[in-house]
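Welcome, and please have a look at the model below before reading on. The report that follows walks through a few of its packing details, one region at a time.

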Amino acid sequence: INGLEKGFGSGSNRLEVLKGIEMEINQGELVALMGPSGCGKSTLLNIIGGLLEGDKGKIKLGEFEYGKDLPAKLVDLRRRGIGWIFQDYHLLSHLSALDNVALTLELAGKNEIEAEELAIIALDRVGLSDRMDHIPDQLSGGQQQRVAIARAISGNRRLLLADEPTGNLDIASGDEVLKLFKELCHREEDPLSILMVTHDPHLASQADRMLLMKDGKVAASDIRSAWGIGGEEE
């Protein structure tokens with residue numbers, strides 16, 4: 001990401017949220033992004049994910065180059081380049097784990113047979129090969145989040161954007177999700193990259209690298225400065 005800027009409003013009411021973001025994420029890297037509420041983390045993720053256009057700057061992800069493009073022009077990026085994971089799982093309650101993942105692939109243009117094959121591979125990668133026929137109510141919170149992760153990685157996307165991915169999970173389930181993230185990033189074949197927004201310093205400290213967003217910029221950080229956000233430092 002080079003020189004990414006984004007503001008909202010106009011005239012005296014204009015608020016500059018992103019003030020020239022410079023960021024690089026390597027393939028196979030798990031990066032935690034921290035920062036106080038309202039600092040622009042969600043805005044940054046939405047632009048990277050092709051859901052919002054920036055005012056200035058460029059983003060390069062493999063074959064994709066964008067930044068100021070309208071979301072309507074970035075359908076292919078969202079289908080093939082980037083997957084999303086939220087703290088709410090957004091699963092369809094009447095569909096099995098397999099069908100929840102396969103449906104996304106069909107919407108991206110895969111035929112029914114290919115979508116099911118790719119969904120099976122994705123669910124196996126997240127350790128749910130024995131839960132494919134279960135509907136969400138038959139799965140624990142951690143298992144539902146694994147289905148959501150399988151949906152996000154299906155179709156060989158290069159980058160996952162995780163927005164508070166353990167926010168609705170207990171500590172044990174959250175640790176399992178983080179362990180899975182590390183496995184997906186650090187495997188030898190086709191490693192993923194994950195940018196994870198979190199307010200949890202414990203979670204962030206286990207990432208490969210931490211970034212701190214403040215005053216419209218992003219800088220390298222460590223756990224001590226992250227703890228000091230919005231509160232008194234010891």
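Contact here means heavy atoms within 4.5 Å. This is a predicted model, in which local features need pLDDT of at least 70 and side-chain atom pairs count only at pLDDT 80 or more, while totals for chains, interfaces and linings use all residues. Residues are numbered from 1 along each chain as its sequence is written, and side-chain values use heavy atoms, with hydrogens and water left out.

## Lys-56 and Lys-68

Let us begin with a pair of lysines. Lys-56 belongs to strand β4, residues 56-61; helices (H or I, at least four residues) and strands (E, at least two) are DSSP runs, numbered from the N terminus. Not counting residues up to four places away in sequence, Lys-56 touches Gly-3, Leu-4, Glu-5 and Lys-68.

Lys-68 sits in the loop between β5 (64-66) and α2 (75-81). Which residues does Lys-68 contact, leaving aside its neighbours within four places in sequence? They are Glu-53, Gly-54, Asp-55, Lys-56 and Gly-57. Lys-68 counts as exposed because its relative accessibility is 53%; the classes are buried under 20% relative accessible area, exposed over 50% and partly exposed in between (1.4 Å probe, protein chains only).

## Helix α3 against helix α5

Two packed helices are described by the angle between their axes and the distance between the axes. Helix α3 (residues 97-107) and helix α5 (residues 141-153) pack at an angle of about 25 degrees, and their axes are 9 Å apart. That makes α3 roughly parallel to α5. Axes are lines fitted to C-alpha atoms, for helices over the stretch in contact, and angles run from 0 to 180 degrees between N-to-C directions. Angles under 35 degrees count as roughly parallel, over 145 as roughly antiparallel, 65 to 115 as roughly perpendicular and the rest as oblique.

The crossing of α3 and α5 is right-handed; a crossing is right-handed if the near helix is turned clockwise from the far one by less than a right angle, and left-handed if anticlockwise. On the α3 side the contact is made by Ala-97, Asn-100, Val-101 and Thr-104, and on the α5 side by Val-147, Ala-150 and Arg-151. By type, these residues divide into 4 nonpolar, 2 polar and 1 charged. Here Ala, Val, Leu, Ile, Met, Phe, Trp, Tyr, Cys and Pro count as nonpolar, Asp, Glu, Lys and Arg as charged, and the others, Gly among them, as polar.

The buried residues of α3 are Ala-97, Leu-98, Asn-100, Val-101, Ala-102 and Leu-105, and they pack against α4 (112-125) as well as α5. Just after α3, Gly-109 takes a positive phi of about 110 degrees.

## Helix α4 against helix α5

How do α4 and α5 pack? Their angle is about 130 degrees, with the axes 8 Å apart, which means that α4 is oblique to α5. This crossing of α4 and α5 is right-handed. Ala-122, Leu-123 and Arg-125 of α4 meet Val-147, Ala-150 and Ile-153 of α5, a set with 5 nonpolar, no polar and 1 charged.

## The nonpolar cores

A nonpolar core is a set of buried Ala, Val, Leu, Ile, Met, Phe, Trp, Tyr and Cys residues joined through side-chain atoms within 4.5 Å. The largest has 40 residues, and those with the most contacts inside it are Leu-123, Ile-149, Phe-181 and Met-196. Elements that each supply at least two residues of this core include α3, α4, α5, β7 (159-163) and β8 (193-197), and the largest share, 6 residues, comes from α6.

Not counting residues up to four places away in sequence, Leu-123 touches Ala-97, Leu-98, Val-101, Leu-128, Ser-129, Met-132, Val-147 and Ala-150. A second, separate core of 29 residues includes Ile-1, Leu-4, Ile-21 and Leu-61.

## Positive phi outside glycine

His-90 is not a glycine, yet it has a positive phi of about 55 degrees. It lies in the loop between β6 (82-86) and α3, and at 52% relative accessibility His-90 counts as exposed. Asp-215, also not a glycine, has a positive phi of about 55 degrees. The loop between β9 (209-214) and β10 (217-220) holds Asp-215, which counts as exposed at 62% relative accessibility.
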